[in-house]
Amino acid sequence: MEKVKLTAKDYKTKIPIVWCPGCGDFGVLAAIHQAVADLAIPPEKLGVVSGIGCSSRIAGYINAYGFNSIHGRPLPIATGAKVANPELTMLVAGGDGDGYSIGMGHFVHAIRRNPDLTYIVMDNRIYGLTKGQVSPTTPEGDVTKTTPSGNPERPLNPLALALELGATYIAQGFSGNVKHLKELIKKGIEHKGFSLINVLSPCVTFRGKQEYDYVRQHGVYLDELGDYDPSDWNKAHEATQWRDKLPIGVIYHVHGRKTLGDEIAEVQAKARAKKVYKDVRELIDTFR
Ligand code: SF4
């Protein structure tokens, strides 16, 4: 049977998009639509779980099994969905406030467990939906609604944290470069295991249009450096520590780590082979 060719249009929904004109999240949405079309993932084999925030509305804008879940919790929900149905390609989406503040515990444990998920964080360095409060990635000194005299705290470095925790696919994209971001998302989906794609996605309303200029001026495309090797942990570590430059591209990528699904399948096979309990009743009886 001839394979049906899918296009980005097949992944659009009729739900009206309510983001502010110029919001960076439009670029992320376009990159996701194009990436899943290029990979020919049928909508019925695609799951999208998001948290809460402007960017988390994205689950409604992708023709897939979508779940706009609860604040900071999309990772465990997506992990459960993937374990229950390993056939699904699972995308997880949210913002820096959702993922790197209330969701930080889940971020750490998702990397530890290594489920086969692609986590796309739209990092705009502010809380947009709740009208402009300081977020975990807001730069030190920046004025926000809740830091009118400047942010006294150092921002979180999610790329360095993910690297330290053992993530095996870490990338950073820019929503102003959809073509490049699409390729990062495709690689993340194809990677076996947990993938983090931190996307610099400007909030034009609460941080201004100049955020696009900032990324264009400070972004360094790693694949244009010539000697950058994403399988080199030390090089990746160096890139995550840059002060006045923003690494854009695949920062770290290695293969071979078992996924949570692999580990569960192994444990199940061992348990079956051992036949520890004849049936579930016998197991329940051990707790009496
Ligand atoms: Fe985008 Fe900011 Fe508007 Fe939210 S408030 S939709 S993040 S521009």
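## Pocket lining, ligand shell and helix packing

In this predicted model, the lining of the largest pocket divides into 13 nonpolar, eight polar and ten charged residues. Ala, Val, Leu, Ile, Met, Phe, Trp, Tyr, Cys and Pro count as nonpolar, Asp, Glu, Lys and Arg as charged, and the others, Gly among them, as polar. The volume of the largest pocket is about 830 Å³, the space filled by probe spheres set on grid points joined across faces, edges and corners. Of its 31 lining residues, Pro155, Leu156, Trp242, Arg243 and Leu246 are the closest to the centre. A pocket is an open set of points on a 1 Å grid over the protein atoms alone where a 1.4 Å probe fits, with protein on both sides within 12 Å along at least five of seven lines; lining residues have an atom within 4 Å of a point.

The elements tabulated here each supply at least two lining residues; H7 gives the largest share, three residues. Helices (H or I, at least four residues) and strands (E, at least two) are DSSP runs, numbered from the N terminus.

| Element | Residues |
|---|---|
| Helix H5 | 158-165 |
| Strand S6 | 195-200 |
| Helix H7 | 210-218 |
| Helix H8 | 233-240 |
| Strand S8 | 246-253 |

The ligand is surrounded by residues (a heavy atom within 4 Å) including Trp19, Cys20, Cys23 and Phe206. This shell has seven nonpolar, three polar and no charged residues.

Residues are numbered from 1 along each chain as its sequence is written. Local features need pLDDT of at least 70, side-chain atom pairs count only at pLDDT 80 or more, totals for chains, interfaces and linings use all residues, and side-chain values use heavy atoms, without hydrogens and water.
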